Amino acid sequence: MIDRIFVTEAAESYSYVEEICDRAGLRPEIIQDDAAYRNDVERFLPDPVGQGKRHLLLDVFKGEFFRKCPGTKGKVCCNYYVIDQTTNCPFDCSYCFLQSYLNLRAIRFAVNIEDLFRELEIVFRKHRFIRLGTGELADSLALEPLTGFGRKLMEFAIEFPGVVLELKTKSASVDKLPDVRNKPGRGVIGWTMEPARVVSREERGTATLEERLAASSRAAGKGYGIAFHLDPVVFFPGFEDAYLDLVDQLFSRHEKLDWMSLAGFRYEPALKGFVEDRFPESELLDGEFLRCSDGKFRYLFPERIRFFRRLVKKVKKMSPKTPVYFCMEDARTWDLVMGRNALKDPVLTPIFSREGDNEKQGM
Ligand code: SF4
């Protein structure tokens, strides 16, 4: 998965570097900084996006690790916070926005995690309820066998009451995570779930659907809440039945989830060239798309609404207490699919509750 490890001069003295290199069985290549990687390595790669995914760049991050998820213009926000400690991912999904978003192709991993924990402790002590995760610019557990970072972060965060930490992944790497039963915080493992056809065509290097399902049962056994993300829902011949079958499979393992998010495939115009060049077998761009108010292309609105109605109906029937929400969809989609006042449904309180709301409720 990783075939070269680069270490910046700033990171060289951190013991975490040795730990990672030992696990990987690779000798570190010392470079001055990330610019040196860009100028001396990345520039000469025939396939910078693909090869960069096999290069791990260990660095020290000087800025703030923690931020509110920016959501997207005009869409309903689910009040989620993100930790940017790793950027980029060894997996290779055709729909991954990182392909057109990142300006450095190696996987950048910050080894100064004590600084991260100091920053988080201040945040956790201030908030009575906070839902956060590491899976915005990376897969939270893809590099777990090398870095053990998910374990370290979970061990730290789970000791704070009111903290809900989600590790979001397409791997099956949950076995080294700590047992979180009877801890003050809540640990959640979230999987992106797709029908087997999408996994095999669009998600290179990831765990299979069966492996993800089996891992979700093992995680539940250690006390983790389980979340599933049907995101992106991809349209292909027979997709409706495939996703409805998938819902059956998910709830045959778990009666109730901590949450489930839904979102149709959408893309920024810049992603299209990457999909066409790098994934000739992909079915991603075969549908009919329309440009939306946020500049992204989405499947035609009536088709999205029609299918989401079927999907939500099925989920609610199988697990009425599972909070289901849309990621990056506007209020009109919410109204048309979930019904008016859906956002006030008490089932969604754990997802959409804000600090101010908590105080009002006397939590
Ligand atoms: S697992 Fe996530 S971060 Fe990794 S390539 Fe796929 S979409 Fe991108």
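Student: How many bridges join strand S11 to strand S13, which run parallel?

Tutor: This is a predicted model, in which local features need pLDDT of at least 70, side-chain atom pairs count only at pLDDT 80 or more, and totals for chains, interfaces and linings use all residues. Residues are numbered from 1 along each chain as its sequence is written. Strands here are DSSP runs of E with at least two residues, and helices are runs of H or I with at least four, numbered from the N terminus; two strands pair if DSSP finds at least two bridges between them. For S11 (residues 186-192) and S13 (residues 225-233), with Trp191 standing opposite Phe228 in S13, the number of bridges is five.

Student: Which are the edge strands of the open sheet of eight strands?

Tutor: The sheet has the order S4-S5-S9-S10-S11-S13-S14-S18, with mixed pairing. An edge strand pairs on one side only, and this holds for S4 (66-68) and S18 (324-326). The twist averages 25° from one strand to the next, and the edge strands asked for are S4 and S18.

Student: Which strands does helix H5 touch where it packs on the sheet?

Tutor: Helix H5 covers residues 113-126, and its direction makes about 45° with that of S4, where angles run from 0 to 180 degrees between N-to-C directions and axes are lines fitted to C-alpha atoms, for helices over the stretch in contact. Contact between two residues requires that their C-beta atoms, placed from the backbone, lie within 7 Å. The strands that H5 touches are S4, S5 (81-83), S9 (130-133) and S10 (163-169).

Student: Why are H10 and H12 described as roughly parallel to each other?

Tutor: Angles under 35 degrees count as roughly parallel, over 145 as roughly antiparallel, 65 to 115 as roughly perpendicular and the rest as oblique. The axes of H10 (residues 239-253) and H12 come within 10 Å, and Tyr243 and Leu244 are among the H10 residues that meet H12. Their axes cross at roughly 20°, and H10 and H12 are therefore roughly parallel.

Student: What is the handedness of the crossing in which H12 passes H13?

Tutor: The axes of H12 (residues 301-318) and H13 (residues 331-338) come within 9 Å and cross at roughly 50°, so the two helices are oblique to each other. A crossing is left-handed if the near helix is turned anticlockwise from the far one by less than a right angle, and right-handed if clockwise. In the contact, Ile305, Phe308, Arg309 and Val312 of H12 meet Thr333, Leu336, Val337 and Met338 of H13, and the crossing is right-handed.

Student: In the open sheet of five strands, which residue of S8 is the bridge partner of Thr86?

Tutor: This sheet has the order S2-S1-S3-S8-S6, with mixed pairing, and its edge strands are S2 (28-31) and S6 (86-87). S6 pairs with S8 (residues 107-110) in the antiparallel sense over two bridges. The bridge partner of Thr86 in S8 is Phe109.

Student: How many charged residues are in the shell around the ligand?

Tutor: The residues around the ligand are Cys89, Phe91, Asp92, Cys93, Cys96, Leu98, Ala138, Asp139 and Lys170, a residue being near a molecule if its C-beta atom, placed from the backbone, lies within 6 Å of it. Ala, Val, Leu, Ile, Met, Phe, Trp, Tyr, Cys and Pro count as nonpolar, Asp, Glu, Lys and Arg as charged, and the others, Gly among them, as polar. By class the shell has six nonpolar residues and no polar ones, and the number of charged residues is three.
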